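Student: I have a structure open and would like to go through its side chains with you. Can we start?

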Amino acid sequence: MNEDDRSHRLLKKQILILNRHLPKRRKTLQLLLEEDRPHVVGSDGTRHRFKKDEINLLKKILDDSDIKKLKLPIYMEIQSVNSGAKISGKLETEIVCKILKIEECSDPLFIYRADLKNLRKILSSTTQYIFLLK
């Protein structure tokens, strides 16, 4: 076994540890709106609660049909080679573009640290970081 293989395996293990907070299964916005205490359960068994004001903001942004489709939390992909985050998905990028007032919206959408900070101020409980190894 060479040192590069060992280092790569160790790095992959660390990334898995960083992502253990991610939910086993995401829930739709519609389902979360019906819950008294909207939450998902992480793969590590922890409960991640969503703020009701954030859920209601998302409800205002989306059409009724899209409320049934959007799954939360919205993932912000952090990669080892970039200094920002990638958001994927038609509804997810639409929401981020509306909140950050980005006129030219694309899927996937790449945002830099300043926008990431602003997004997290508004959607702190309905967005989550996911760490990827490139």
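Predicted model: local features only at pLDDT ≥ 70, side-chain atom pairs only at ≥ 80, totals over all residues.

Student: Which residues of the largest nonpolar core touch the most other members?

Tutor: Leu29, Leu70, Leu72, Ile95, Ile111 and Leu119 do, out of 27 residues in that core.

Student: And which helices and strands each supply at least two residues of this core?

Tutor: Among the helices, these are helix 2 (29-34), helix 3 (52-61), helix 5 and helix 6 (113-122). The strands are strand 5 (74-79), strand 6 (84-87) and strand 7 (109-112).

Student: Which one gives the most?

Tutor: Helix 5, with 6 residues.

Student: Which ones are they, the buried residues of helix 5?

Tutor: Leu91, Glu92, Thr93, Ile95, Val96, Cys97, Ile99 and Leu100.

Student: What does Leu70 touch, leaving out residues up to four places away in sequence?

Tutor: Leu70 touches Leu91, Glu92 and Ile95, and also Lys27, Thr28, Leu29, Leu58 and Leu62. Leu91, Glu92 and Ile95 are among the buried residues of helix 5.

Student: What happens just after helix 5?

Tutor: Lys101 takes a positive phi there, of about 55°.

Student: Switching to charges. How many salt bridges are there?

Tutor: The count is 5. One of them joins Lys90 and Glu94, with the closest N and O atoms 3.9 Å apart. That distance still counts because the cut-off is 4 Å.

Student: Where do Lys90 and Glu94 sit relative to each other?

Tutor: Both are in helix 5, and because they are 4 residues apart, about one helical turn separates them. Salt bridges with shared partners also bring in Lys98, so that Lys90, Glu94 and Lys98 form one network.

Student: Is Lys90 buried or exposed?

Tutor: Lys90 is exposed, at 55% relative accessible area. Glu94 has 22% and is partly exposed.

Student: What about Glu35, which residue does it form a salt bridge with?

Tutor: Lys27, where the closest N and O atoms are 2.7 Å apart. Glu35 and Lys27 are both buried. Lys27 is also one of the residues that Leu70 touches.

Student: And Glu77?

Tutor: Glu77 forms a salt bridge with Lys86, the closest N and O atoms being 3.6 Å apart. Lys86 is partly exposed, at 28% relative accessible area.

Student: New topic, aromatics. How many aromatic pairs does the count give?

Tutor: It comes to 2 aromatic pairs. In the pair of Phe110 and Tyr112, the ring centres are 5.0 Å apart and the planes are at 80°, so this pair is edge-to-face.

Student: Why does Tyr112 count as exposed?

Tutor: Because its relative accessibility is 53%, and the cut-off for exposed is over 50%. Phe110 has 31% and counts as partly exposed.

Student: Last one, Gln128. Where does it lie?

Tutor: Gln128 lies in strand 8, residues 127-132. Gln128 is buried, with a relative accessible area of 5%.

Student: Which side chain does a polar contact join to that of Gln128?

Tutor: That of His48, at 3.3 Å.

Student: What else is Gln128 in contact with, leaving aside neighbours within four places in sequence?

Tutor: Besides His48, the contacts are His21, Leu22, Pro23, Pro73, Ile74, Tyr75, Met76 and Arg120.

Definitions and conventions: Residues numbered from 1 in each chain as written. Heavy atoms only, no water. Phe/Tyr/Trp six-rings, centres within 6.5 Å; stacked < 30°, edge-to-face > 60°. Buried < 20%, exposed > 50% of the residue type's maximum accessible area, 1.4 Å probe, protein only. Salt bridge = Lys/Arg side-chain N within 4 Å of Asp/Glu carboxyl O. Polar contact = N/O pair within 3.5 Å; in protein donor to acceptor, adjacent residues only side chain to side chain. Contact = heavy atoms within 4.5 Å. Core = buried A, V, L, I, M, F, W, Y, C linked by side-chain atoms within 4.5 Å.
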